[in-house]
Structure formats: structure tokens, C-alpha cells
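Let's take a friendly walk through a protein model together. Have a look at the sequence and the structure, and then read on.

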Amino acid sequence: MILIIDDDDAIRASLTFLLKRSGMTAKAVPGPKEALEEVRQQEPELILMDMNYSLSTSGEEGLELLRKMRILAPSSPVILMTAWGSISLAVEGMRLGAFDFITKPWDNMALMDRIRTALHLNSAQEDSAVHGNTGRGFEKIIGKSPQLREVLDAVSRVAPTGASVLITGESGTGKELIAEAIHLNSPRSSGPFVKVNLGGLSTSLFDSEMFGHKKGAFTDAWTDRKGRFELADKGTIFLDEIGELEPVCQVKLLRVLQDRTFEPLGESIPRKTDVRVVSATNRDLSAMVRQGLFREDLYYRLNLIPIHLPPLRERREDIPLLIKYFAGQSGSRAEFSRDAVEYLCRLPWPGNIRELKNAVERAMIMGGDSLISKEDIERCIDSGPKEHSPASTESSASTLEEMERARIRRALADCNGNVTRAAASLGITRASLYRRIEKYKIEL
């Protein structure tokens, strides 16, 4: 049974009809008193509740009701309903444990998607997760470490739902592969998987790139063009480097995620979009929210299900498997000696899997068909970063930072200050390298 709590008769009737038409059982009550009585008798599968009641405009009554619901019905996911101008109230409700929020007037399709997602996730059992590298797209995700298995288990649980997923982790940890695995194991797998690198998208191009434009909308708009959200319809849109999005663009993105509509440049009629959103960042979005650099309401909309990818230095047991996989892809008959593999396992890898892949490929090219030794690796990667040592690197974050700083300076020097080439040699993105340059105060 789904419990609806709203003091508006028309809204209660509309929601009850919508849920019953979708094959769900619904019970509607006008306010907190009746809702508490209902919950004490039966814990609902889901609670759909308004945040404002009677003469109250502050939302305090709604927040207090939410607190009580989390105590009386801890297993029932709560979806909040609020006006667009009161999103801050919904965000406060998310902090108190609400599953999601939707603004009035809502889109029926969007609301039903969120209800089904909440019910699906709530009924998922831990023992039903797929363990190990099974499932479509998992064949590219190499490793058997506990940290990686935990990530794959999370992917297996969340993929069949429509939930928004935020993938976090350092550059080069494989966030795009995880996003693709989520798509391929979802009901949307037959639809498109559209990737957008927001780090390389300027504010001036955001509207045209994301929402499309009509012919003549601006000077160089010679033809109609579909935006990424239209291209991703019925599929998944992957928003990479979401932490690089400028504030003005964050507002526009939030509108699309909330209303499921967008307007191409030069057109005034809203178009609907049916997409699942998977986003990724190597930045700490929660810290950016506290600093006022990222919208809190957008953060909660994107971060419905968080998945964190550990850096390669925290899953060293996977390095031999990755070396074998990358070596097999090269087509060379050369092999890595035991001392070469052990040496590679001891390096800190600030560029993570991407950097390891580049190092293996260079070694295979330089090694020909011979056995690749530790000395070959050292020459191939210009001696590389200093070896990982339990007495130094693991116990001292500053030592690891010194290694990374030195490696970046060496790469920039080798590339005559060309940031693009230096980033490629390190196996990281230009945006990531610029952040490290700023962090370590390296002069160009």
C-alpha cells in the first residue's frame, strides 16, 4: 500500500487515480494526524507526502511529520512533494532521510518512474546481487579485489532500476566503464548510451549541445540539431566531470532532471525527454556544496545512488590482472617478468588504471617479443615514480603528494610545458592535470 498525504482534495484524488491505474494500492489522507494513525496500523510500501499543511508555510509541520515517519516506518521510502520555490525545504527533507522529491505540478511519467525506482531499490536483497565480473559490460572491468567486488555488487543492484547514479573516484579509475555497465544491465540497454564530457563544454555552448537548436537560432545555426538529451531518449545519458559545470548551467540541468522537459534554442514549445542520468566526478561535490560552488538540490537529484571507485593504489592485487589484460590487447608476444610485475605493483599510480595502461602499452612496444624486466620498465617510464614503500608511501600522504608533484613536473618538462601532451603521457585528463597544477602551485 502506498500512503498519500496531502491536504488538497484534488491532489489526493489525482494521485490515487494515477496509482490505481498503474496497478498499485493507494490510501490517501489529508494531514499528519491521519497519516500517523494509518502508519501505526500498517507500515506502507512507500509514502508520498506534501511538505506544507493548512496555514503553515514554513514547512516545519511537514519536516516534523517526516521525522516521525522515519521512526514509525523506517523501511518505507518517502518521496516529498513541494513547489518549485520551496526546493530548499525538500533538500532539508532529503537530509532527514527522504528518498527523493518532486515539484508541483509534476509530470506523471516522472513521478511513476521515481515511485517504481524507490519500490524496486527498497525490495532488493543483498544476497541477490551478482558477485564478480558477470553481466554485460563487466568483461572490461578487470580485477577480483574486495573493493572492486563491492563496486560490482552495487552496479548489479542499481542497474535494473531507474535511479540516478553518481560515480565518484580519481581520474583514470574507470568511471565511464562503470556507467556503461549500469546502462547495459538496465531495462534501457537497447536504447542509446550518450556520453557528455561537461569538463570540455563551455557555458556558451551548453544549451545548444545539451538541448539542441533550430535552424536560425543563432548566427551559425545553419540546420536543426538534436541535443544530447534528445539523442539519449529512452536510454542513458552519462554526464562526465559533472563537478566542472558552471552555476548557470547547473540551474538549467536541474530543470530538465526535475521536469523531464527541455526547449531547443529557437523553439518555445517544451519537448519531453525520457532518460536515465548517470554522472561522474573526481571532485568532492559535498565539499563544493558547502563552499557554495555546487547546487545542493542538484547534488541530491544526482546522488540518489552513490558508487565510489577506489584508486588503483588501494586495490594493488588487481594490478597483475590488469597488466595481463592490457598486454593481451597489444598483440605483442612479449611477457612481463616477475620482477617487472612486482615493480609495477609497488608504484603509486596517480593516474590510476589509465596511467598503468599507458605504461604497459609503452613497455610492450619497446620490448618487442622479449621478456620485459624491471629495468626495461624503469627505462620505459623514465624511472617512473619512486617505488611504493609501506614505511613511507602508505604512512605518509605528503610523501605520495611529493611523488605526484615530481612526476607532473617531469612530464611537463618532457613535453616543453604542453599541458595536453603532458596529461596524455600521465594518463589523465587535461582538466585533472590543471587541477593538480593549481593544487601543487606548479608554474607553467
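Predicted model: local features only at pLDDT ≥ 70, side-chain atom pairs only at ≥ 80, totals over all residues.

Thr203, Phe206, Asp207 and Phe211 in helix 8 meet a group from helix 10, made up of Val248, Cys249, Lys252, Leu253 and Val256.

How are the two helices arranged? Helix 8 covers residues 203-211 and helix 10 covers residues 247-259; they pack at an angle of about 20°, and their axes are 10 Å apart. Because angles under 35 degrees count as roughly parallel, helix 8 is described as roughly parallel to helix 10. The crossing of helix 8 and helix 10 is right-handed.

## The largest pocket

Next, let's look for open spaces. The largest pocket has a volume of about 670 Å³. It is lined by 30 residues, and those closest to its centre are Gly172, Thr173, Gly174, Lys175 and Leu177. Helix 7 (175-184), strand 13 (276-281), helix 13 (319-330) and helix 15 (352-367) each give two or more residues to the lining.

What kinds of residues line the largest pocket? The lining divides into 12 nonpolar, 9 polar and 9 charged residues.

How many cavities of 30 Å³ or more does a search of the whole structure find? The search finds 1. The largest cavity has a volume of about 40 Å³.

Around the largest cavity you can find Pro350, Gly351, Glu355, Glu404, Ile408, Leu426, Ile428 and Arg436. By class, this lining has 4 nonpolar, 1 polar and 3 charged residues.

## Backbone details to spot

Now for the backbone. Most residues other than glycine have a negative phi, and most peptide bonds are trans. With that in mind, here are some places to check in the model.

The peptide bond from Lys104 to Pro105 is cis, and its omega is near -5°. Pro105 sits in the loop between strand 5 (100-104) and helix 5 (108-123).

Lys234 has a positive phi, near 70°, although it is not a glycine. You can find Lys234 in the loop that runs between helix 9 (228-231) and strand 10 (236-240). Arg260 is another residue other than glycine with a positive phi, here near 60°. Arg260 lies in the loop between helix 10 and strand 11 (261-262).

Key: Residues numbered from 1 in each chain as written. Heavy atoms only, no water. Axes fitted to C-alpha atoms, helices over the stretch in contact; angles between N-to-C directions. Helix = DSSP H or I, 4+ residues; strand = E, 2+ residues; numbered from the N terminus. Parallel < 35°, antiparallel > 145°, perpendicular 65-115°, else oblique. Left-handed = near helix turned anticlockwise from the far one by under 90°. Contact = heavy atoms within 4.5 Å. 1 Å grid on protein atoms, 1.4 Å probe; cavity = no way out; pocket = protein on both sides within 12 Å on 5 of 7 lines; lining within 4 Å. Points joined across faces, edges and corners; volume = space filled by probe spheres on them. Nonpolar A, V, L, I, M, F, W, Y, C, P; charged D, E, K, R; others polar.
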